[in-house]
Amino acid sequence: MTLDRIRLIAAREARAERGQPDGIVSAATFVATLILVESLAVGPLAASQPSVASALFWIAMAFAAILATSRSFERELEDDAIDAVLALPGGRDALYAGKAVALTALVAWVAIAGGALSLLLLSLDIALPGHLALVTVAGVLALPPVVVLFVVLALRLRSRGALVPILVLPVLVPQLVAATNGTAAAMSGDMAGAIGWAGLLVAFALVYSVLGLTIVATALE
């Protein structure tokens, strides 16, 4: 039954995004703007280096994930829909997992748009496109469990809008390092490095998913 509730919450989130697509549009626009500003700040020559381009991309993706998740929960709080979900047996776990699934889909779309922009804007050469796709998928999977967890933990705080980035970003450093190094490895032709970093990102996703399902129910009491 919990799986059914997870699917319902994820589907409801997808319908909300289709009904009000400004969320994914704002996230994609944010990523595009941040990548552009970052590339101008470091200079075109430096920004075209695999390690720098990868870092610019994943930093932008982290902020976009935080923005999209915060907006999603704000929408729940506005109409008090979240209270009905939490009142259900297993509703707390379903809320976390359903939001994580929905955010993963949204971040995937933003990653496609941001990645295409990075390739076009920075004129990047990709030595191993298949491995780059693998690292990107693993990186997309690694972000939502952490971001959703900390947004849920800060849900009842008045200043959650300012606190969530402060809380989430230090925890995301290992994921960002792994995603950056894996992306740079795929761009430069290091097959073993790309696979190794992708595996680490998948491990991060699994660990934080289990951690989130373990502590969210207690945190929302």
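This is a predicted model: local features need pLDDT of at least 70, side-chain atom pairs count only at pLDDT 80 or more; totals for chains, interfaces and linings use all residues.
View 1. A search of the whole structure finds 1 aromatic pair. That pair is formed by Phe-57 and Trp-58 in an edge-to-face arrangement, with 5.0 Å from centre to centre and 80° between the planes.

**View 2. The largest pocket and its lining.** The largest pocket holds about 400 Å³ of space. Its lining is made up of 21 residues, of which Phe-57, Ala-111, Gly-115, Leu-132 and Thr-136 are the closest to the centre. Two or more lining residues come from each of helix H4 (50-78), helix H6 (91-122), helix H7 (129-153) and helix H8 (160-188), and H6 gives the most, with 8 residues. Sorted by class, the lining of this pocket has 15 nonpolar and 6 polar residues, and no charged residues.

**View 3. The helices and the surface of the whole protein.** The protein has 9 helices and 0 strands, so that from the N terminus on its elements run α-α-α-α-α-α-α-α-α. Of its 221 residues, 45% count as buried, while the protein exposes about 10,400 Å², with carbon and sulfur atoms supplying 72% of that area. Among the contacts with a separation of 6 or more, 83% are accounted for by residues 24 or more positions apart.

Terms used: Residues are numbered from 1 along each chain as its sequence is written. Side-chain values use heavy atoms; hydrogens and water are left out. Helices (H or I, at least four residues) and strands (E, at least two) are DSSP runs, numbered from the N terminus. Buried means under 20% relative accessible area, exposed over 50%, partly exposed in between (1.4 Å probe, protein chains only). Contact means heavy atoms within 4.5 Å. Accessible areas come from the Shrake-Rupley method with a 1.4 Å probe; for residues, only the protein chains shown count as cover. Rings of Phe, Tyr and Trp (its six-membered ring) pair if their centres lie within 6.5 Å; planes under 30 degrees apart count as stacked, over 60 as edge-to-face and the rest as tilted. On a 1 Å grid over the protein atoms alone, a cavity is a set of points where a 1.4 Å probe fits but cannot get out, and a pocket is an open set with protein on both sides within 12 Å along at least five of seven lines; lining residues have an atom within 4 Å of a point. Grid points are joined across faces, edges and corners, and a volume is the space filled by probe spheres set on the points. Ala, Val, Leu, Ile, Met, Phe, Trp, Tyr, Cys and Pro count as nonpolar, Asp, Glu, Lys and Arg as charged, and the others, Gly among them, as polar.
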